[in-house]
Amino acid sequence: MMTTRYPRNTTVLKNVVSKTWPFLCFSLSRFSGSCGFLILPAAYIQSSPTTRPLSHVTVTSKNGPPAPLGLSRTRWQRTIHSDSPSSPSSGASSSRDMTPRDAFAEESSSPSTSIEFAMDPYSIEARSITESLGISLEKHKQLCKHAELVVGWNDRLNLISRKDCNVNVVFGRHILPSLALVALPDFPLEVNHDADNDDDDDDDGEEIQQSPKARIVDVGTGGGFPGVPLAILYPESEFLLVDSVGKKLKAIEEMAKELGLDNIKTHHGRAEEIVDDPLNGRKYKNSFDICVGRSVTAMPRFCFWIQDLLKKDRKQDNGISRGGGRLVYIIGGNVEESVTSRLVADIHIDDLLGCKGVSDKRAVVLRASDVVKVAKESGEKKQVKGPAKNASNRGKMTTAAERSNASKGAWAKRDNSVKKQRGYENFKRFGTD
């Protein structure tokens, strides 16, 4: 093992600092990856001609070769496998010869999926897509302003992924998939036709009866998607944006004020606990026409969370369920079999927007009655609040051992068979026989 030698005139303080410097850098890098990144450039400053640079200090890894200080083990292993002789790129330089500085530069320059779907909101292509959806120029400008506000707030809060966060990414990756829901059949409210006039000879029929006002809840809204873009397009509808992170909801409220939106309300908490709210629980239970979500969690669990929020289906004379609420979920991965068999619609975002390569996700639709069925099959259980697991047996002590081991002051049921000790059984009053 190589030892560090110093000139004789080196002070004791300089000797101690130079020997403990690798250990300090290692500790800081384990505490925070960013610390290790900031310390690495200083590692090449040698305190003496014989001091070894810090680039040779390694962190022991259980799987594969050791990882350089400050570099994540996953990224280091990925680099090793890509440069292995068995890979097609075996002619590239070995990862063991790569310095940590080069590895960090390569990691920061690696492309992300968000860049692939970025689109300039002020471009002709973006305007042609929104125009095909029936969006006016005024609302298109609001959507562009919304993208700028998200970028501004994302510098202070982590609303969305901070990697490659710019106006083009926000519009193409987040806003456009939200706008695609407009092209779904009967969105936001289901169109009701008169069943008696379906086969009539006259073409007059009943006019479409649609309420001008819909109630939409966005569960797991995060940075306000898809709730805020839809609120811009449907100012007459009411929107409730739900999230468990309060600071994100504060940012959404501020953005709504700057956009001039007065149809957005927020709820800080978990979705499954909304109906248990003592103040607004009754107002929210089975009162929403649409529930939207975007890759929040697995669909069976999501159905369990929102099953009490949607309006119940009403069966017509022909046995078809209509008039109830619907779940509109944006998802990119595979859907469980218990869900796919009950889907009302499963349409790719590209098909809804009429433009290929815009998104890699799709929109699925479920009726309220099917949401309840999927929730029952999910195996999820509602958490019961309170310290006692069995409230019916609280305070009951059935055995003598339990009574003897009870803490002082604990409540116990009184035994009426024991004679009461009052202390005045032989008491006699004066003047009586």
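**View 1. Helices H12 and H15 cross at roughly 115°.** The model is predicted; local features need pLDDT of at least 70, side-chain atom pairs count only at pLDDT 80 or more, and totals for chains, interfaces and linings use all residues. Residues are numbered from 1 along each chain as its sequence is written, and side-chain values use heavy atoms, without hydrogens and water. H12 spans residues 299–306 and H15 residues 368–377. Helices are DSSP runs of H or I, at least four residues; strands are runs of E, at least two; both are numbered from the N terminus. The two axes come within 8 Å. Axes are lines fitted to C-alpha atoms over the stretch in contact, with angles from 0 to 180 degrees between N-to-C directions. H12 and H15 are therefore roughly perpendicular (65 to 115 degrees).

**View 2. Side chains meet between H12 and H15.** Pro 300, Cys 303, Phe 304 and Ile 306 of H12 meet Val 371, Val 374 and Ala 375 of H15 (contact: heavy atoms within 4.5 Å).

**View 3. Thr 297 sits in the loop between strand E6 (290–294) and H12.** Thr 297 counts as buried because its relative accessibility is 18% (buried: under 20% relative accessible area, 1.4 Å probe, protein chains only). Leaving out residues up to four places away in sequence, Thr 297 touches Phe 302, Trp 305 and Tyr 329.

**View 4. Helix H10 packs against helices and strands.** Its buried residues include Leu 249, Ile 252, Met 255 and Leu 259. The partners of the buried residues are helices H7 (137–154) and H9 (227–233) and strands E4 (238–243) and E5 (264–268). Just after H10, Gly 260 takes a positive phi of about 75°.

Methods. Buried < 20%, exposed > 50% of the residue type's maximum accessible area, 1.4 Å probe, protein only. Parallel < 35°, antiparallel > 145°, perpendicular 65-115°, else oblique.
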